[in-house]
Amino acid sequence: ANQYSIDGTDASCPKVCSPKTSTKMNLKVTNNTAGAINLWWVNFDCGLNSYSPNGIKVGGSQQISSFEGHLWRVTDLAGNVLREFGMDEASQTETIQ
């Protein structure tokens, strides 16, 4: 279960946004699901910015530069949340299954 709510839809959890930080980090997201996925950055106003406008195909991956503490959401193409996570490693890999 999530400990926070990125978009505020879970009233029992605090709503969070990406913090403004300057420590650069690298993110790699790999799609091991049965369908394409979308990657979203949670911006400073808690809005969602697409980082995969064409989706990440099955078996594919996407590499992105990010910053410490920035928040990310992965959804299927229907918008169902598959994972939410924050950047806490210099080179972070997230495998979505």
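## Contacts along the chain

In this predicted model, 61% of the contacts (heavy atoms within 4.5 Å) between residues at least 6 apart in sequence join residues at least 24 apart. Residues are numbered from 1 along each chain as its sequence is written, and side-chain values use heavy atoms, with hydrogens and water left out. Local features need pLDDT of at least 70 and side-chain atom pairs count only at pLDDT 80 or more, whereas totals for chains, interfaces and linings use all residues.

## Strands and surface

The protein has zero helices and seven strands, where helices (H or I, at least four residues) and strands (E, at least two) are DSSP runs numbered from the N terminus. Of its 97 residues, 37% count as buried, that is, under 20% relative accessible area with a 1.4 Å probe, protein chains only. The protein exposes about 5,600 Å² by the Shrake-Rupley method with a 1.4 Å probe, and carbon and sulfur atoms supply 46% of this area.

## The three-strand sheet

An open sheet of three strands has the order E4-E1-E7 with mixed pairing, two strands being paired if DSSP finds at least two bridges between them. Its edge strands, E4 (61–67) and E7 (91–96), each pair on one side only. Strand E1 (residues 24–31) runs parallel to E7, with six bridges between them, and asparagine 26 has serine 91 in E7 as its bridge partner.

## The hairpin of E5 and E6

Strand E5 (residues 71–76) and strand E6 (residues 81–86) run antiparallel and are joined by five bridges; arginine 73 has glutamate 84 in E6 as its bridge partner. Four residues lie between the strands of this hairpin, in which glycine 79 takes a positive phi near 95°.

Note on methods
Buried < 20%, exposed > 50% of the residue type's maximum accessible area, 1.4 Å probe, protein only.
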